[in-house]
Amino acid sequence: MNINDRVEKYININEVVPRDGLQNESIILPTKDKIALINQLSYTGVKYIEITSFVNPRWIPSLADALEVAKGIERVPGVKYAALVPNLKGLERALKAEVDEVSIFLSASETHNKKNINKSINQTYPILREVAKEALAAGKTVRAYLSTVFGCPYEGSISVDQVVAISEILFDMGIRELSLGDTVGVAHPSQIEEVLEVLLNRFSAKGFAMHFHNTRGMAMANVLKSLDMGIVSFDSSLGGLGGCPYAPGASGNLATDDLLYMLHGMNIQTGIDDNRLVKVACYIQEKMNRKLPSHSLRSGC
Ligand code: HMG
Ligand code: MG
């Protein structure tokens, strides 16, 4: 059977460029440019934008203006505006900023978790549970990220049992979706198959998103494998910007513009207008003042 006959015909794209894309950049984009970026994205047809993160600004200085960004953007009906939140202090700020969805996060690797959020995995659970509970009580939806699912820059391989156990705990917190992070871009399609096979035996494919970094050029192949296994939600970052400062070797995310080229070419809909999106990719490339990693941008602006 042809792959087109097996995969879903509509895929959700979660645009993470304003958060994952900008958090690790040496150029700190002025607040007004971040707002302009998000406003342009809102008119491309994208339904989900992760606009910033409410982490400690000392840890991520490039997103220190989270509240100003969230307050400054236009809210286009039909678009969900989300932000990363590590703890109750972050939630307090995110609620003030009136985000639609809160994304909690932790790592499957003990060492990366400690380096990224300064806690052991076990210390992190009660904090995230409290954030999820309060966010739900405030009428927000909650999403979660699990990082280093396919490998850790400090610990190497991660056991699938560990991923299953953490997923169980996160779903129990009432999250809408769990995004599985290949934080440093080490996964390959057979590993995607191995891990998803185990997870999808226990949880619905509709509960997961995939979050691929493209360090080794495997992201698109991994999307294809994930699609074939029933995943309908993908995180991507315009122009391929992205990376976690606490994960050495993590380079750009899967580029949204490249992803759309493949999906639309396969007759899979996303609701996003390619031409409008590429214009925004050109905008952010000009602002970053360097060639971005996306392949589609190589064909010019
Ligand atoms: P900590 O230093 O252990 O925090 O950091 P603490 O609770 O001990 O507090 C220390 C100080 O920070 C206090 O201020 C708090 O008020 C303040 P002081 O009394 O010293 O003046 N503080 C905050 N301020 C603002 N907002 C907050 C906040 N929390 C505490 N939310 C913490 C713990 C989690 C805050 C810190 O480690 C942190 O911010 N880490 C975030 C690191 C990060 O953002 N990493 C990148 C995102 S994850 C990622 O990229 C992966 C992903 O893309 C998926 C993938 O690719 O796999 C999602
Ligand atoms: Mg990431």
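The structure is a predicted model, in which local features need pLDDT of at least 70, side-chain atom pairs count only at pLDDT 80 or more, and totals for chains, interfaces and linings use all residues. Residues are numbered from 1 along each chain as its sequence is written, chains are lettered from A and ligands numbered from 1 in the order in which they are written, and side-chain values use heavy atoms, with hydrogens and water left out.

I begin with the ligand. Ligand 1 is surrounded by 28 residues, the closest being Gln23, Asn56, Asn118, Ser147 and Thr183; a residue counts here if one of its heavy atoms lies within 4 Å of the ligand. Asp20 places a polar side-chain atom 3.0 Å from an oxygen atom of ligand 1. His211 has a side-chain N or O atom 3.0 Å from an oxygen atom of the ligand.

How much of the accessible area of ligand 1 does the protein cover? The protein covers 76% of the 1100 Å² that the ligand has on its own, by the Shrake-Rupley method with a 1.4 Å probe. Helix 2 (17-23), helix 5 (88-96), helix 6 (110-117) and strand 5 (141-147) are the elements that give two or more residues to the shell. Helices here are DSSP runs of H or I with at least four residues, and strands are runs of E with at least two, numbered from the N terminus.

I turn now to the cysteines. The structure holds one disulfide, defined as a pair of cysteine sulfur atoms within 2.5 Å. Cys282 and Cys301 form this bond, with an S to S distance of 2.0 Å. The pair links distant parts of the chain, 19 residues apart: Cys282 belongs to helix 12 (residues 274-288), and Cys301 to the segment after that helix. The torsion about the S-S bond is about -100°, and the disulfide is therefore left-handed.

Are the two partners buried or exposed? Cys282 is buried, at 14% relative accessible area, whereas Cys301 is exposed, at 69%; buried means under 20%, exposed over 50%, and partly exposed in between, with a 1.4 Å probe and protein chains only.

Cys152 is buried at 7%, and Cys244 is buried at 11%.

How values were computed. Polar contact = N/O pair within 3.5 Å; in protein donor to acceptor, adjacent residues only side chain to side chain.
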